[in-house]
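Let's take a friendly walk through this structure together. Keep the sequence and the 3D view at hand as you read.

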Amino acid sequence: MTIPSFAIGIAGGTGAGKTTVAREITENVGEAVTRVPLDNYYEDLSHMSFEERADANYDHPDAFEWDLLRSHLDSLLSGQAVEMPQYDFSEHLRQDERVTVEPTDVIVLEGILALYDERVNDMLDLHIYVETDADVRILRRIDRDVLERGRELEGVMEQYLSTVKPMHEQFVEPTKKNADIIIPEGANSVAVNLLEEKVQAETGAFAEWAAREAENQL
Ligand SMILES: Nc1ncnc2c1ncn2[C@@H]1O[C@H](COP(=O)(O)OP(=O)(O)O)[C@@H](O)[C@H]1O
Ligand SMILES: Nc1ccn([C@@H]2O[C@H](COP(=O)(O)O)[C@@H](O)[C@H]2O)c(=O)n1
């Protein structure tokens, strides 16, 4: 039995508001959402020292394990659970434990390069790009990296100029052309309300499908 999941990709620069949009457009569908943070698919760099990992480029497409992501999306969209890796930003490291993630009727892939890979894009039903000015994004990032990810201000600034900004311009921003919808200024309420309705309509369709399946089995 295959679950007819509705798959959404949410891309955009660091600090654009991707997580916020993902949360707000799905908050009324309760448990019926499976979150797939692209960050969890950073390559395993456990063979490198902490200093080497701290200097790595985390904004280039090669930083991600695309094969694993594609295979997990494929499984979830086929109704199978996956053992999802988890990521530790303080250590720049994939954690040892994986978490079992079940498929539901809405799958949300969210991350800077969520709309980068052609085969991933083909698996998604709705492609969203969250667009927020770079100055707003860097201010949010400084706040988050220093307060939540245990980073020094100097390092955050250095990383932004050496990799985050150039990779954004070269790889992230161009994926806007793959979007069905571009949301300006992050979680703006008009866009969020429209998308929320769309997600609810899709989960309603899922409920009807599940009822039909149950009836057919009687
Ligand atoms: N539309 C918005 N208005 C004000 N603050 C926002 C908005 N969207 C996101 N934020 C704030 O910006 C920060 C980064 O948002 P987040 O959704 O985590 O971004 P991303 O997932 O793209 O890195 C968070 O502190 C969040 O509360
Ligand atoms: N060890 C790491 C891994 C990633 N990053 C940065 O995270 C950003 C993506 O996450 P958002 O929530 O901001 O979209 C990306 O720009 C990487 O530079 C990191 O700093 N350290």
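Two residues are in contact if their C-beta atoms, placed from the backbone, lie within 7 Å. This is a predicted model, in which local features need pLDDT of at least 70 and side-chain atom pairs count only at pLDDT 80 or more, while totals for chains, interfaces and linings use all residues. Residues are numbered from 1 along each chain as its sequence is written, and chains are lettered from A and ligands numbered from 1 in the order in which they are written.

Let's begin with the sheet. Helices (H or I, at least four residues) and strands (E, at least two) are DSSP runs, numbered from the N terminus, and two strands pair if DSSP finds at least two bridges between them. Here an open sheet is built from five strands in the order 2-7-1-8-9, with parallel pairing. Strand 2 (33-37) and strand 9 (181-184) are the edge strands, each pairing on one side only. From one strand to the next, the twist averages 20 degrees; axes are lines fitted to C-alpha atoms, for helices over the stretch in contact, and angles run from 0 to 180 degrees between N-to-C directions.

Two helices pack on this sheet. Helix 1 (residues 18-26) touches strand 1, strand 2, strand 7 (106-110), strand 8 and strand 9, and its direction makes about 170 degrees with that of strand 7. Helix 3 (residues 66-77) touches strand 1, strand 2 and strand 7, at about 165 degrees to the direction of strand 7.

Now look at the end of strand 1 and what follows. Gly-12 lies in strand 1, whereas Gly-13 is found in the loop between strand 1 and helix 1. Why does Gly-12 count as buried? It does so because it has 30 C-beta neighbours inside 10 Å; a residue is buried if 20 or more other C-beta atoms lie within 10 Å of its own, exposed if 12 or fewer, and partly exposed in between, with C-beta atoms placed from the backbone. Gly-13 is buried too, because 26 other C-beta atoms lie within 10 Å.

Leaving out residues up to four places away in sequence, Gly-12 touches Lys-18, Tyr-129, Val-130, Glu-131 and Thr-132. On the same terms, Gly-13 touches Ile-112, Thr-132, Arg-137, His-168 and Val-172.

Finally, turn to ligand 2. The residues around ligand 2 (C-beta atom, placed from the backbone, within 6 Å of it) include Thr-14, Gly-15, Lys-18 and Ile-112.
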